[in-house]
Amino acid sequence: MTAMSEHNTIVRPTGLLETYFATRASIDYYQCVCVWSQFNRPVPKSHLYTAMHAIIARNPALCAAVVDSMTKSIKFALAKEIDLDKMVEYRSTTGSFEEFLAELHEVRMTYDTMTPVWKLFVWNAKTVAFVYDHAPLDGVSGALFHVQLATLLNDRSTLLSTDLSPIVKVDQSMKLHPAVESIVSTSPSLPFVIRTLLAEFGPKWGPFKPSTERDGRIFAPYVNPVEGSTWRILEIPAERVAVLLTKCRAHNTTLTALWHTMLAMGMSKAYPGVRGFDTSIPINARRFMSSYPDATNEMGAYVFQYKEITAAQEEFSWEEVIRFGNALTKGTTKTSGYILGMLKYLFGNISGWMEAKMGKIREADMELSNVGAWKFTGVVDDDTSFRVLNLGFSQPHGTLNPPVKLNCAGVVGGNTTLTVCFSDKIAGVGKGDVVFDVIKHMVEELSEKD
């Protein structure tokens with residue numbers, strides 16, 4: 001990009017996590033996140049455009065373009081205007097949404113322009129899919145987007161002033177959203193630094209041997225490109241979600257812990273004889289950003305990480321659900337940002353570090369990412385209101401990802417959507433389908449009323 005000062009463009013350097021995400025995308029190791037909502041009625045372009053004008057004005061992260069992407073000083077730049085005709089596309093297909101989702105995860109965002117890195121697809125008139133680059137936005141941001149969209153679609157005062165103009169002028173007095181480490185310290189302790197550096201760059205024998213090798217686990221090494229990615233979607237009706245939630249509360253645990261145990265059971269059946277699985281759980285870091293105004297509703301990349309090795313689960317037990325729930329609660333602290341803080345020790349060579357992983361053993365076997373259940377307001381009556389029936393969340397099968405990922409999202413008091421992502425060429429032929437089938441079976445079994 002040309003010298004931005006000549007154009008009076010507002011910029012800020014990307015933070016550690018944002019730089020990691022942008023670098024990963026720039027070398028095509030990761031594509032786009034997708035969060036979608038299915039409405040009870042068609043969403044007209046006039047309504048959608050009017051709502052988008054308001055949503056963009058409220059959320060600086062939606063105005064962020066990624067510039068200087070091939071340097072060690074990646075930046076966000078505030079767009080001057082956004083052309084909705086280039087960002088929004090209405091599509092109709094006769095295939096399943098799973099098939100359409102695979103198309104969405106092939107979308108690539110363009111860096112080094114003044115265009116924000118997101119797009120909106122309206123599938124068969126009723127399903128709105130928000131597809132976006134991970135650098136400025138995390139999974140929760142996608143859910144926040146849909147909550148705001150549904151609220152504005154049901155705001156009669158907003159829709160009375162319908163604005164069909166595709167051009168959104170961005171307020172240049174707007175401040176770009178902050179990086180997470182500018183709000184919460186992610187500087188790791190010295191013991192953590194030493195342990196991590198030894199694990200990453202130290203000898204690979206004796207006590208320093210990777211946990212995957214010590215535990216006898218064998219998974220495909222990192223490879224690029226990833227081919228043959230598959231997404232399997234399980235929509236759980238509200239009445240079954242209510243039963244599962246009641247049972248979790250009776251055991252003083254959470255749905256996240258339940259989903260994790262089901263995932264571990266699926267992995268155990270797919271990979272018999274394996275003693276345990278290295279687990280990665282993204283954590284919403286907004287809970288640690290209390291010093292920032294209204295952090296709960298701020299769109300941005302605000303993710304920490306919890307990791308553990310989960311023992312294989314041959315059979316279901318509430319004891320395991322409770323154990324994991326307690327472990328996750330205990331591990332959900334500011335220190336879960338230490339992994340993020342370690343990126344500064346790469347001294348800007350994130351792409352080289354990523355590329356050096358090719359051919360090596362993966363650092364995680366499975367991932368559970370749950371953006372939670374969301375309340376959608378503003379519904380007046382069934383005939384005129386826009387009601388969200390389903391909220392879904394998915395990620396691409398990126399080069400550096402675990403072989404199997406489970407993404408979760410839901411509507412408060414309504415349905416929950418589980419999405420399993422895998423590639424047969426990485427996980428092994430049929431392995432991902434085994435995981436999905438086990439999760440589906442366990443959902444059906446446990447959601448039966450006693």
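Guide: Glu320 counts as buried, because its relative accessibility is 9% (buried is under 20% relative accessible area, exposed over 50%, partly exposed in between, with a 1.4 Å probe and protein chains only). Its side chain meets that of Arg323 in a salt bridge, 2.9 Å from N to O; the term stands for a side-chain nitrogen of Lys or Arg within 4 Å of a carboxyl oxygen of Asp or Glu. Both residues sit in helix α11, 3 residues apart, about one turn of the helix (helices are DSSP runs of H or I with at least four residues, strands runs of E with at least two, numbered from the N terminus).

A word on the basis: this is a predicted model, where local features need pLDDT of at least 70 and side-chain atom pairs count only at pLDDT 80 or more, while totals for chains, interfaces and linings use all residues. Residues are numbered from 1 along each chain as its sequence is written, and side-chain values use heavy atoms, with hydrogens and water left out.

Back to Arg323, which is partly exposed at 33% relative accessibility. Arg323 also forms a salt bridge with Glu308, with 2.9 Å between the closest N and O atoms. Glu308 lies in strand β12 (residues 303-311) and Arg323 in helix α11 (residues 318-331), so this pair ties together parts 15 residues apart in sequence. Glu308 is buried too, at a relative accessible area of 12%.
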